[in-house]
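Please look over the sequence and the model displayed here before reading on. The report that comes after them goes through selected features in turn.

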Amino acid sequence: MNVLIKEKEDAQKGVTIFVEGEVDVYTAPQLREKLLPLCQNGNTVYVDLSKVDYIDSTGLGVLIGAYKAQRATAGRLILTGMNARLSRIFRITGLHEIIEIEDRKQEDGKE
Amino acid sequence: MKEQPLDSVNLTIPAKPDYVGIARLTVSGIANRMGFSYDDIEDLKLAVSEACTNAVDHAYSGGDGDIEVCCSIFGNRLEIEVIDRGHSFNIREVEERTGPISFEPSMNALRERGLGIYLMKTLMDDVDIKGDNGVIVKLTKYLRKNEVEPHVKSPASYPYR
């Protein structure tokens with residue numbers, strides 16, 4: 001019931017935040033603290049959710065907050081690696097039509 | 001006469017973010033035992049978390065208080081009541097504001113909160129919210145027959161296994 005958040009910066013790609021675990025009312029503040037400061041200068045921020053097995057409305061709220069901040073500064077927020085369960089929650093809430101989501105297959109695409 | 005549950009499991013947790021995961025684990029265990037499908041178990045976990053999160057956020061205004069999670073196991077369904085004894089709220093008003101997110105030109109319209117009740121209603125078969133002295137959220141999820149694996153017995157048959 002915890003969350004692990006790591007950050008990796010790539011000069012070309014932008015910043016990636018790797019999230020691992022469950023994002024709920026207890027752990028969402030940690031994600032907010034890490035993610036929001038990166039959404040200030042119009043850069044591209046990736047959030048890798050491939051190791052997230054649970055997210056609820058508080059976690060979605062953090063992502064919406066980051067999306068708004070990115071929009072305000074003409075930056076991009078891109079979510080990657082979502083499992084079927086998470087995709088379903090994004091579809092139900094309509095967030096999949098708003099926040100940029102990169103398909104896991106594309107992400108893992110091997111030559 | 002009101003139908004009595006076969007079994008009940010009651011859990012009391014402090015109304016703090018730290019303990020919402022405990023309610024989720026408990027409900028997950030019960031739903032698993034009853035033979036719900038993977039997806040239905042995940043839906044139940046999410047719905048009970050949303051109900052608990054609302055109580056944590058609104059019930060006691062930062063003060064101390066408890067949340068009761070009462071699970072009633074019936075032959076064909078699981079009913080979960082999430083009860084707090086804090087401030088109730090205007091349910092009509094809150095319900096009118098819930099719904100999926102839609103893209104609107106004004107970004108202020110994109111809510112960061114308020115998805116919880118919408119998610120509960122979408123994922124459960126029935127959601128009943130009552131508020132008078134505190135708030136009671138009752139979540140109901142039915143077992144779909146074809147989801148029950150043959151080796152999973154209904155709770156009523158436990159003693160005869």
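Predicted model: local features only at pLDDT ≥ 70, side-chain atom pairs only at ≥ 80, totals over all residues.

## Contact between the chains

In this model, 21 residues of chain A are in contact with 22 residues of chain B. On the side of chain A that touches chain B, the elements that give two or more residues are α2 (57-72) and α3 (84-93) of chain A, and the largest share, 8 residues, comes from α2(A). Sorted by class, that side of chain A has 8 nonpolar, 6 polar and 7 charged residues.

## The sheet of chain A

Chain A holds an open sheet of 5 strands in the order β1-β2-β3-β4-β5, and the pairing within this sheet is mixed. The edge strands are β1 (3-10) and β5 (100-102) of chain A, each of which pairs on one side only, while the twist averages 25 degrees from one strand to the next.

Strands of a sheet pair through backbone hydrogen bonds, in either a parallel or an antiparallel sense. For strand β2 (residues 14-23) and strand β3 (residues 44-55) of chain A the sense is parallel, and the pairing runs over 8 bridges.

## Helix α2 of chain A

Buried residues of α2(A) include A:Ser57, A:Thr58, A:Leu60, A:Val62, A:Leu63, A:Ile64, A:Tyr67 and A:Gln70. The helix α2(A) is followed by A:Ala74, whose phi is positive, near 60 degrees.

## The largest nonpolar core

The largest nonpolar core has 69 residues, of which B:Ala47, B:Val48, B:Ala51, B:Cys52, B:Ala55 and B:Val82 touch the most other members. Helix α2 (residues 38-58) of chain B gives the most to this core, with 8 residues. Leaving aside residues up to four places away in sequence, B:Val48 touches B:Ala23, B:Arg24, B:Val27, B:Val69, B:Ile80, B:Val82 and B:Leu139.

## A loop residue of chain B

B:Gly63 has its place in the loop between α2 and β2 (66-73) of chain B. This residue, B:Gly63, counts as exposed because it has 8 C-beta neighbours inside 10 Å, and the cut-off for that class is 12 or fewer. The C-alpha atoms of B:Gly63 and B:Lys16 are separated by 9.6 Å, although the two residues are 47 residues apart along the chain.

Definitions and conventions
Residues numbered from 1 in each chain as written. Chains lettered and ligands numbered in written order. Contact = placed C-beta atoms within 7 Å. Helix = DSSP H or I, 4+ residues; strand = E, 2+ residues; numbered from the N terminus. Nonpolar A, V, L, I, M, F, W, Y, C, P; charged D, E, K, R; others polar. Pairing = 2+ DSSP bridges. Axes fitted to C-alpha atoms, helices over the stretch in contact; angles between N-to-C directions. Buried ≥ 20, exposed ≤ 12 C-beta atoms within 10 Å, placed from the backbone. Core = buried A, V, L, I, M, F, W, Y, C linked by C-beta atoms within 7 Å.
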